[in-house]
Amino acid sequence: MTWKRTLTLSALALLTSALSAQVPEDAFLPMTAPVTLAEGEADTRAGELTFRGGVEIAPDKADIGGISGLEWHGGALFAVTDDGRWMQLFIDEVAGKLVDVSGVRLGPLLDPSGEILDAKKRGDAEAITRLASGEWLVAFEQDHRIWRYADLEGAATGTDTRAATLTAAAAPNEGIETLAAYPGGMLACGEWADPARPNCLRITDSGTASFHLPAPEGIAAAGGVPTDATCKADGTCYVLFRSYNASEGNRAAVVSLAPDNAATTLAVLTPPMTLDNFEGLAVREEPGKTVLYLVSDDNFRNCETAAKPGCQRTLLMKFELPPPPAGPAPVTAADFATLPAGRPGVRPHPEAASVTVVLETSLGPVTIALETERAPVTAGNFLRYVEQGRLNGTDFYRAMDLGGERLPAGIVQGGTRSDPAKVLPPIAHEPTSATGLTHSHGALSMAMLAPGGADGDFFVMIEDQPGFDADPAASDPGLRAGYAVFGYVTQGMDVIAAISAAPRDPDAGEGVLKGQMLSEPVKIISARRVQP
């Protein structure tokens, strides 16, 4: 069946592409190990949340640890630590699952004079968030305050006093652990749960309201307190609670907080689940999907370096939230019109002759420049399918997520699916090393079981995927051959991105393809050549 046409090296090539996420040169690769939430189970539900992968991060020579806050921005996770540092983590995800941390950057937080902070007295950073203006806010305890940063690598630029009433007369270790901003508002919570003493503030343009947010059942009796928060653009926030006692260890809970502060418990994580001292929570919004990342604070007593009672680990986990009760709104091309994934592809050799083709899909038109000069065999094959009407009534049926500096990133696949009435004889392979074309954003490439086996199925790149290019120096013959690029999407990448976000059938597909098949394929109504 053609939906399985992905080259015999598919798993290796796709994984190579996924793990080639571009990270800055000053980032380093940490040591990690995969973890599950429940023993022997890859996908586990915790209340309303579905586990989507996790890793344990070793402390490394750079002393990774002490993480006490988390924020998603620009395709990476940002954090602060108990000893006055900022941290940036680049993650790798395959098929929507967190599989690794591919790079870490870290450095000291600086005071307004540009000086490094004292490790504990002035450097105990507990929360981080990013304002709509682009400024960062970092909350500290011991010496309670919130500092503004135009750039986390630069000096603090000022103090934000809007939540100062929350920590008035607070004990040194009862600071603002929870800080989350959204357009027009901010949420701040202290690390206590006494109903006689409101522990949270909702700060908006219309004023400030204090309220008490109790720990949910299942963690309240264990001493649960707020420890981080994160907010969606609409003002819906998620609050992380944590607790610890010697008899049972750690617990955690996630509460959804509506804009009117109505609270709903989403999940309570308890033993024997894989747990530690979770202190960081970040939300990532995508069209049709919302995910949360949780990170734990090892308090610099990491079990890797101090394997004794009371040792802790740095865990990073991903969870997917359920869609609204009415189900998610259908994803459309308009959802990606202003996002990076919706920008058109760029031909690397615009001076070369090409032929324009338009695919009319059920989500909108996709315009393609076929590289008839640079890849005459492959582009000519696709053009025959178009001119003979063999792509009319076919569909896009597969989508796979891959890591990268920008998200979403990955591929969508479409074509004839080995329909005997539609396929033509297979064609010779034209590697990118011969054509000079690349698997950059918007590139079309042929799906095949082996070089020389391509016929009527193809896939489109969302963001650069160099792992699919031919590598003449590789020892593996499949990697030497790579895939054959034959065109670029010059208009309609917003449609391709919308296809990538369409719902997938978790049970369809086999092997590495399981979970990548669209629940409802996107129809290619017609394919036509545009005359110059």
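Both Cys189 and Cys200 are buried, where buried denotes under 20% relative accessible area, exposed over 50%, and partly exposed the range in between, with a 1.4 Å probe and protein chains only. The structure is a predicted model, in which local features need pLDDT of at least 70, side-chain atom pairs count only at pLDDT 80 or more, and totals for chains, interfaces and linings use all residues. Residues are numbered from 1 along each chain as its sequence is written, and side-chain values rest on heavy atoms, with hydrogens and water left out.

Cys189 and Cys200 are joined by a disulfide with their sulfur atoms 2.1 Å apart; the term is applied to a pair of cysteine sulfur atoms within 2.5 Å. Cys189 belongs to strand E13 (residues 185-190) and Cys200 to strand E14 (residues 200-204), so the pair ties together parts that are 11 residues apart in sequence. Helices (H or I, at least four residues) and strands (E, at least two) are DSSP runs, numbered from the N terminus. The link of Cys189 and Cys200 is right-handed, with 110° about the S-S bond.

E13 and E14 run antiparallel and are joined by 5 bridges; two strands are taken to pair if DSSP finds at least two bridges between them. Both strands belong to an open sheet of 4 strands with antiparallel pairing, in the order E12-E13-E14-E15. The edges are formed by strand E12 (176-182) and strand E15 (207-211), each with a single partner strand, so one side of each is left without a neighbour in the sheet. From one strand to the next, the twist averages 15°, based on axes that are lines fitted to C-alpha atoms (for helices over the stretch in contact), with angles from 0 to 180 degrees between N-to-C directions.

In total, the structure holds 3 disulfides. Numbered in sequence order, the bonded cysteines of the protein chain pair as 1-2, 3-4, 5-6. The sulfur atoms of Cys231 and Cys237 lie 2.0 Å apart in a disulfide, which is right-handed because the torsion about its S-S bond is about 95°. Cys231 counts as buried at 10% relative accessibility, and Cys237 counts as buried at 0%. A further disulfide joins Cys303 to Cys311, with an S to S distance of 2.2 Å. The link of Cys303 and Cys311 is right-handed, with 95° about the S-S bond. Cys303 counts as partly exposed at 24% relative accessibility, and Cys311 counts as partly exposed at 24%.

Strand E6 (residues 85-94) and strand E7 (residues 97-108) run antiparallel and are joined by 10 bridges. Val94 has Lys97 as its bridge partner in E7. E6 and E7 form a hairpin with 2 residues between them, and Ala95 in the turn has a positive phi of about 55°.

Helix H2 (residues 376-387) has 12 residues, which should span 16 Å at 1.5 Å a residue, and its end C-alpha atoms are 16 Å apart, in agreement; the expected span is 1.5 Å times one less than the number of residues. The buried residues of H2 include Phe382, Leu383, Tyr385 and Val386. Among the elements covering the buried residues of H2 are strand E23 (355-361), strand E24 (364-370) and strand E30 (517-530), contact being defined as heavy atoms within 4.5 Å. Just after H2, Gly389 takes a positive phi of about 70°.
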